[in-house]
Amino acid sequence: MCGIIGYVGERAALPILSTGLANLEYRGYDSAGVALTGDELTIYKKSGEVSALQGILPESTEHTRGIGHTRWSTHGPPTDENAHPHTDCTGRVAVVHNGIIENYDAIRAELPEHTFTSDTDTEVIPHLIERELDDGAEPRAAVEAALERLEGTYGLVVTVAGVDELYATRRDSPLVVGHGDDGTFIGSDVTAFLEHTRDVTYLEDDDFAVIDDDGLAVYRDGEAVDPAVKRLEYEADAAEKSGYDHYMLKEINEQPRALRQTISGRIDLEGGTAEIDVDLPTPYLESIEEIQVVACGTSYYAGRYAAGILESAVDVRTTVEVASEYEFDGGRDPWRTLVVAVTQSGETADTLSAVRRANRAGARTLAVTNTLGSTVVRETDDSVFIRAGPEIGVAATKTFASQVATLALLSVDIGRTRGSLPYDEAVDLLGSVRQLPNAVQSVLDAEDRVKAAALEYADSDAFFFIGRRLGRPVALEGALKLKEISYDHAEGFAAGELKHGPLALVTERTPVLALLTDGARPDETRNNVKEVQARGAPVVAVTTDDGDAGSGTSEFDTELTVPPIGALEPLVANVYWQLFAYHVANEKGRSIDRPRNLAKSVTVE
Ligand code: F6R
């Protein structure tokens with residue numbers, strides 16, 4: 001996720017773009033830039049936060065039109081060169097873009113005579129437009145022709161030197177136009193320009209928008225349409241949260257989009273492979289005898305989930321260690337051990353220290369992270385990005401889902417490289433990953449049911465989460481989420497362990513949240529559910545939707561379902577536990593986005 005702003009009007013564009021970018025910084029903050037449009041384009045770009053860009057901007061300029069961008073890297077590290085806007089060879093065309101151009105490699109190959117100056121997927125767009133202009137197309141037609149070639153997701157705005165119009169379009173990435181008294185604005189969301197106007201038009205997928213001194217014109221399938229203008233009632237703070245009360249709830253709801261971005265361009269279903277650009281050499285991957293995953297907190301649970309998939313796909317022993325406990329010992333051979341550090345922020349001190357231990361021992365290290373340019377990326381041999389977009393809520397939600405999805409793709413990639421994962425199984429797993437966004441959406445659509453359960457049990461003495469196999473890390477993660485934001489006592493257990501001790505804690509005032517999806521040994525967990533029901537505990541269960549949902553009376557107090565998508569069903573079920581935690585905490589009026597005593601990035605050991 002990145003932030004976009006554009007302006008055309010009577011006022012000086014630079015201050016509008018600069019403040020708009022500062023407002024959008026919550027969407028991405030590793031580099032930023034602006035392009036001001038006149039007879040030539042004037043471009044300023046800088047890695048770092050928006051304040052770093054503001055440090056190099058002039059006091060004022062005469063320009064009354066321009067575009068700007070604040071970036072959260074997905075392709076290429078956060079450098080000045082990779083910052084948007086991106087331009088063509090002549091510097092005549094500039095583009096800002098959110099999303100991922102999946103076929104950028106193929107397009108780049110089509111443009112051998114063009115000079116590319118960044119590692120981004122975005123840069124192919126201005127070069128495509130340049131080619132059309134060189135072939136004699138008018139600017140508007142050149143942009144439209146270039147768009148025809150793009151595959152993937154995008155919200156983008158284009159400016160061309162000497163041309164009064166800005167051009168914009170979107171696919172799976174939002175863009176909204178603001179209608180002011182003295183100009184027209186465009187942004188990736190309304191926070192970009194909310195202090196200037198509340199009258200907005202939301203663009204739809206594949207709309208082609210033209211913004212000039214006359215305002216906005218929208219073309220749909222080549223025909224001009226009359227775009228609806230809506231008056232916004234909410235304040236800037238709510239707008240940053242897209243109208244949600246908390247970032248956490250926004251980020252829970254963002255998961256389908258984040259997952260689409262995570263997997264975009266990485267699945268080759270026909271070939272039975274995943275393409276996630278791991279540069280580790282094939283002979284090395286063929287020789288590994290052990291994978292060690294190191295991580296903390298939610299990332300540790302993502303690692304535990306993924307280890308179950310990795311071990312069978314890659315066919316080597318896979319261990320998962322809490323990073324603060326990690327030592328490279330136990331007679332391991334460093335040359336045959338791959339250490340995978342899973343960390344959203346890339347800055348967690350315990351995880352970095354585990355990476356340093358592995359590096360010192362001579363093992364190869366691989367980072368799985370959300371943050372390009374972070375310390376873990378610099379200190380490991382190779383990195384894979386989960387592309388979930390910035391996460392503001394302290395409690396990790398969308399990044400957990402994107403971590404597991406990325407690690408599942410890594411399992412396929414390494415498993416296929418080693419020849420340990422049969423084609424059919426790879427296709428099954430890839431199919432499961434591909435269904436994740438819609439499956440998660442179906443859980444979000446059923447929020448009312450899990451909310452009702454959360455409100456019913458909010459005042460309980462404690463909460464116990466149980467699951468088996470891939471359901472077990474989800475039980476642990478569900479309990480962690482609930483305790484960190486509601487401050488209630490919550491524990492996750494392997495379902496079979498309840499009777500070996502924790503059952504003593506179970507009463508009618510301790511709801512048990514049970515994961516009974518197919519593949520997570522639901523029949524055995526049902527026995528454990530009966531044990532807690534016999535002690536009067538209410539049970540909230542997630543099962544796999546077998547098509548009979550709602551047809552009979554449930555054996556549980558609340559029964560929630562996930563679609564049948566195989567190995568990733570527990571990951572989908574986890575979204576219910578996120579919503580459960582959220583609604584319990586919200587009912588209690590807790591500080592959900594900033595829970596007491598916690599920080600988003602833990603940079604001390
Ligand atoms: C819990 C949570 C933490 C982090 C942990 C590791 O909701 O967010 O447990 O998962 O501090 O952080 P990263 O992934 O940044 O290394």
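**View 1. The loop that holds Pro85, between β4 and β5.** In this predicted model, Pro85 has its place in the loop that runs between β4 (65-71) and β5 (86-87). Look at the link from His84 to Pro85: this peptide bond is cis, and its omega is near 0 degrees. Most peptide bonds are trans, and most residues other than glycine have a negative phi.

**View 2. Ser242 and its positive phi.** Here we visit the loop between α6 (236-240) and α7 (247-253), where Ser242 is found. Phi of Ser242 is near 50 degrees, which is a positive value in a residue that is not glycine.

**View 3. The residues around the ligand.**

View 4. Start with Thr343: an N or O atom in its side chain is 2.6 Å from an oxygen atom of the ligand. For Lys481, a polar side-chain atom lies 2.8 Å from an oxygen atom of the ligand. Thr298 takes part through its backbone, with an N or O atom 3.1 Å from an oxygen atom of the ligand. How much of the ligand's accessible area does the protein cover? On its own the ligand has 410 Å² of accessible area, and the protein covers 90% of it.

View 5. Rolling a probe the size of a water molecule over the atoms shows where empty space is left. The ligand takes up the space of the second largest pocket. As for the largest pocket, about 740 Å³ of space lies in it. This largest pocket is lined by 29 residues, and Tyr305, Gly308, Ile309, Arg469 and Leu470 are the closest to its centre.

**View 6. What lines the largest pocket.** Which elements give two or more residues to the lining of the largest pocket? They are α10, α14 (423-445) and α16. With eight residues, α10 gives the most to this lining. Sorted by class, the lining of the largest pocket has 13 nonpolar, nine charged and seven polar residues.

Note on methods
Residues numbered from 1 in each chain as written. Predicted model: local features only at pLDDT ≥ 70, side-chain atom pairs only at ≥ 80, totals over all residues. Heavy atoms only, no water. Polar contact = N/O pair within 3.5 Å; in protein donor to acceptor, adjacent residues only side chain to side chain. Areas by Shrake-Rupley, 256 points an atom, 1.4 Å probe, with all protein chains shown as cover. 1 Å grid on protein atoms, 1.4 Å probe; cavity = no way out; pocket = protein on both sides within 12 Å on 5 of 7 lines; lining within 4 Å. Sits in = over half its atoms within 2 Å of the grid points. Points joined across faces, edges and corners; volume = space filled by probe spheres on them. Helix = DSSP H or I, 4+ residues; strand = E, 2+ residues; numbered from the N terminus. Nonpolar A, V, L, I, M, F, W, Y, C, P; charged D, E, K, R; others polar.
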